[in-house]
Amino acid sequence: MQDLPQKRNHGETDMGRFKEKMYRFMYGRYGTDNLYNFITYFTIVLILADIVVAAFVPEGIVQALISLAFMITIMLLFIWNIYRTMSRQIAKRRRENERYLKIKRAIKRFFSGNTSKSTRTFNRDDATYVFRDCTKCGSTLRLPRRVGKNKVKCPRCSHSFYVKAKKYNYKKQR
């Protein structure tokens, strides 16, 4: 006697059941984040670099060692990414991601020329206000934009210091 297919609920598909099983499997696990994306893209770059090196380095022991180093690094990054995704230690994975984001923000701030600790996008307040960090306590101050050198007092620590502001250039931000 042949086995008859099991009855399914109305509208339930194989893909729907698979998604439900994946949801249950991933429940309580960390999943993906910005560090996961970075590691994935970096791994792809390493794979492409390995291909380029293999094309330009003559065959021999040097190419084999370079290719082996690339492959070991790629596999370790791949395993680390899977480990982070499947981890149930959510607090540790969040701290790792926060450290990555802190480094990323510092690099962005360095290359954008923004010395303020808080990275902001430009908005309409930029024409009216200038944002500076207190030289003593480091808190970010939103100050009225007045052209020239102005003395300001931090409301948090009462430290007085000078701030230079330029006229806002609307065309530069577009």
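Both Phe 110 and Phe 111 are exposed (over 50% relative accessible area; buried means under 20%, and partly exposed lies in between, with a 1.4 Å probe and protein chains only). The model is a predicted one, in which local features need pLDDT of at least 70, side-chain atom pairs count only at pLDDT 80 or more, and totals for chains, interfaces and linings use all residues. Residues are numbered from 1 along each chain as its sequence is written, and side-chain values use heavy atoms, with hydrogens and water left out.

The chain contains 5 helices and 4 strands (DSSP runs numbered from the N terminus, with H or I and at least four residues for helices, E and at least two for strands). The order from the N terminus is α-α-α-α-α-β-β-β-β. Of the 174 residues in the chain, 22% are buried. The accessible surface of the chain is about 14400 Å² (Shrake-Rupley method, 1.4 Å probe; for residues, only the protein chains shown count as cover). Carbon and sulfur atoms hold 60% of that surface. Contacts (heavy atoms within 4.5 Å) were also counted along the chain. Among those between residues at least 6 apart in sequence, 40% join residues at least 24 apart.

A pair of aromatic rings is described by the distance of the centres and the angle of the planes. The structure has 3 aromatic pairs (rings of Phe, Tyr and Trp, the last by its six-membered ring, with centres within 6.5 Å; planes under 30 degrees apart are stacked, over 60 edge-to-face, the rest tilted). In one of the pairs, the ring centres of Phe 38 and Tyr 100 are 5.3 Å apart and the planes meet at 35°, so this pair is tilted. The pair links distant parts of the chain. Phe 38 belongs to helix H2 (residues 34-56) and Tyr 100 to helix H4 (residues 90-112), 62 residues apart. Phe 38 is partly exposed, because its relative accessibility is 40%. Tyr 100 is buried, at 16% relative accessibility. The rings of Phe 110 and Phe 111 form an edge-to-face pair, because their planes stand at 80°, with centres 5.1 Å apart. Ring pairs also join Phe 38, Phe 42 and Tyr 100 into a cluster.

Charged ends sit over two further rings. The criterion is NZ of Lys or CZ of Arg within 6 Å of the ring centre and within 35 degrees of the ring normal. Arg 29 places its charged end over the ring of Phe 25, 4.4 Å from the centre.

The search for salt bridges (a side-chain nitrogen of Lys or Arg within 4 Å of a carboxyl oxygen of Asp or Glu) finds 5 in the whole structure. Asp 33 and Arg 84 meet in one of them, at 3.0 Å from N to O. This pair links distant parts of the chain, 51 residues apart: Asp 33 is in the loop between H1 and H2, and Arg 84 is in helix H3. Asp 33 is buried at 10% relative accessibility, and Arg 84 is buried at 1%. Arg 84 also meets Glu 96 in a salt bridge, at 2.7 Å from N to O. Glu 96 lies in helix H4 and Arg 84 in helix H3, so the pair ties together parts 12 residues apart in sequence. Glu 96 is buried, with a relative accessible area of 17%. A network of salt bridges links Asp 33, Arg 84, Arg 93 and Glu 96.

Arg 93 is also among the contacts of Ser 87, together with Gly 28, Arg 29 and Tyr 30, when neighbours within four places in sequence are left aside. Ser 87 lies in the loop between H3 and H4. Its relative accessibility is 6%, so Ser 87 counts as buried.

Another salt bridge joins Arg 17 and Asp 14, with the closest N and O atoms 3.4 Å apart. The two residues are 3 apart in helix H1 (residues 14-26), which means about one helical turn between them. Arg 17 is partly exposed at 32% relative accessibility, and Asp 14 is partly exposed at 46%.
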